[in-house]
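Visitor: I would like to go through some helix packing with you. Could you bring up the model?

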Amino acid sequence: MQNARLKRFLCIVLFLLVPCMVFCAPKASQENYQSKVTIENDIKHFDRGEVRYFDGVPVIKLEGSYYDMGLQYGVLMKKEMNRVGGEIDTFLDDVTASYPCYLRPVVPIVIKSMLKSIKKRFPAYYVEEIEGMSEGSGVDFYTLMFMAAGSSMMTSACSSIMVKLDDRIIHGRDFDWEPPMLGQYPAIVEYHPEGKKSFTCFSFVGFPGVIQAVNEEGLSMTLNIAYGMFEKNNKGLPITYKTREIMENASNLSEAGGVIRTYKTDEPGWMITIASANEGSGAIFEMYDNNITETPMSGKYEYVHNILFQPELVGDMELSKKYNEVFLGQTEWNLARHYTTDRVIKDKGINSIDDMIDYLKSTDFYEYENVYLADNATINNEYTINTLVFDVKNDVVYFAVAQSYSAFAKMYQYNLKDRTLTLFKEADPKMESPELKEKIDWYCKYKKHQYRGEFKEIVKEADFSSDLTPGQLGFISDAWHEAKGVKPEILIASIDKQIAKYPNYGRLYLIKGDVFECSGKCKEAAKSYEQALATPNLSNQYRLEILSKLVKINEKENSRLAKDQMRQYCALIDELRNTHHIGDDLEKDYKKFKKKLSK
């Protein structure tokens with residue numbers, strides 16, 4: 001998922017938001033609410049709210065006005081909320097460490113102004129709820145506002161799928177997000193707002209918005225992002241509160257669509273998947289830049305990953321050509337998951353809860369099984385921190401959570417009627433395997449170094465004698481290009497070891513070619529790039545990147561070959577232009593090559 005536009009977007013967001021977002025020490029509440037908390041049969045009560053724990057997972061019930069629900073949340077979860085605030089404080093400090101010191105003093109003024117602006121986009125009742133959470137927990141209001149509105153800032157590559165069984169519809173979900181530490185703080189929250197519909201949200205401690213939930217009318221909802229799409233001028237209601245409006249106000253799919261169309265879109269692109277247990281059907285709503293589409297279920301299956309306005313799904317080629325960028329619609333991490341989903345549907349099908357869970361566990365990458373740390377390119381991946389299966393007709397939601405690869409973790413069964421959480425399946429043996437445990441541990445350490453911009457540490461801590469996966473080598477090579485730290489031959493040897501294991505994994509040849517090129521070995525680089533182009537499942541995003549690199553290498557010494565590669569590049573762009581939006585960087589090379597070919 002490396003591209004110039006995305007990097008620029010994240011740099012802007014991190015510059016404006018993250019460096020100064022220091023979590024203030026909890027301010028003292030105006031009242032000693034903790035003295036009013038009672039405990040009966042291991043259930044904590046405050047006002048009309050309550051919390052009980054199942055295997056360490058808090059199940060929270062809130063009831064009343066929005067302020068009351070917020071206050072109940074803050075009081076009952078005060079200890080956990082401050083712990084999460086401390087964790088996120090550390091995370092933001094890590095990111096801040098990657099920026100020059102002289103920039104930091106000016107950012108608090110900017111962040112406060114920006115959050116005040118975002119606050120104006122919220123209905124007053126949601127602001128009151130956040131105020132209640134702050135009052136009850138002592139966590140700063142703007143800290144909670146940041147948590148409520150910051151869902152689009154981090155890497156996210158979720159999967160959502162609906163399946164019609166003989167007697168009902170089920171709704172599966174892998175939620176991919178970061179930082180990984182969030183997987184340590186799950187929370188199931190049942191909201192009963194006065195005068196509106198009740199709903200149950202599956203989230204993380206202290207996050208008041210809705211990412212995945214089910215309401216009293218049998219509507220289950222999950223949210224996917226079109227990662228990297230961002231229109232700064234769109235200032236609609238932030239998405240995790242638009243989804244909350246759906247849960248609180250919609251009884252069926254038609255009403256859900258009405259709620260979605262009531263609000264202008266916010267900055268990123270989004271996909272909302274909604275299954276209706278009572279109607280036995282579902283729909284996927286996509287939105288960006290105030291364009292909203294609805295795709296009703298037309299067969300047994302409907303699914304979405306992170307490709308925005310995919311023509312096969314929305315049936316609108318013009319929207320795809322305007323917004324479906326190559327870096328999104330033709331990138332490996334999207335295409336590989338689509339391939340896996342289509343193959344599961346065709347070869348085996350999903351005909352039960354167990355089938356759905358097996359699908360959500362998949363770590364297949366095209367022809368290869370059990371590929372770990374594949375940079376979001378598998379259904380269950382390093383970013384997957386929450387796995388859910390909604391079986392609403394049977395009043396059950398299956399639920400798993402972990403810092404990474406959550407579909408392999410212990411699977412619980414949550415009963416929507418009596419609000420109990422029981423063990424459904426023990427953790428998959430893969431979760432306890434030394435191999436995966438080592439990979440998850442490495443990933444968590446890697447992310448911390450990445451947030452801090454500690455590229456030298458990433459390379460330094462890499463064990464090149466071990467079995468580094470293709471994804472790990474991608475992460476490590478990115479760091480190596482920034483900071484070096486080892487001889488290129490050491491990195492090449494590790495890449496070759498993986499090529500022997502995965503000869504059709506095109507990205508490995510691309511990584512190898514980049515190392516050669518950076519080391520001044522252009523002939524070796526060109527050979528590796530050509531090998532990448534010969535692999536069967538290379539994404540068009542990588543194909544264009546490689547052709548551009550080859551042109552650069554060959555122009556001086558083999559102009560005839562360079563022109564042939566220019567023609568290949570331009571022909572692929574012409575083909576993609578019929579279905580995708582061609583970004584500025586790709587268009588720039590296209591025009592340059594066309595001009596050279598015309599001479």
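Visitor: Is the crossing of helix 17 and helix 18 left-handed or right-handed?
Guide: The crossing of these two helices is left-handed, meaning that the near helix is turned anticlockwise from the far one by less than a right angle. This is a predicted model, in which local features need pLDDT of at least 70, side-chain atom pairs count only at pLDDT 80 or more, and totals for chains, interfaces and linings use all residues. Residues are numbered from 1 along each chain as its sequence is written, and side-chain values use heavy atoms, with hydrogens and water left out.

Visitor: At what angle do the axes of helix 17 and helix 18 cross?
Guide: Helix 17 (residues 470–483) and helix 18 (residues 488–501) have axes that cross at roughly 160° and come within 10 Å. The two are therefore roughly antiparallel (angles over 145 degrees).

Visitor: Which residues meet there?
Guide: From helix 17, P470, L473, I476, S477 and W480 meet P488, L491, S494, I495 and Q498 of helix 18, contact being heavy atoms within 4.5 Å. By class, this contact has seven nonpolar, three polar and no charged residues.

Visitor: Now to helix 19 and helix 20: how do their axes cross?
Guide: The axes of helix 19 (residues 506–518) and helix 20 (residues 522–533) come within 8 Å, crossing at roughly 165°. Helix 19 and helix 20 are therefore roughly antiparallel to each other, and their crossing is left-handed.

Definitions and conventions: Axes fitted to C-alpha atoms, helices over the stretch in contact; angles between N-to-C directions. Helix = DSSP H or I, 4+ residues; strand = E, 2+ residues; numbered from the N terminus. Parallel < 35°, antiparallel > 145°, perpendicular 65-115°, else oblique. Nonpolar A, V, L, I, M, F, W, Y, C, P; charged D, E, K, R; others polar.
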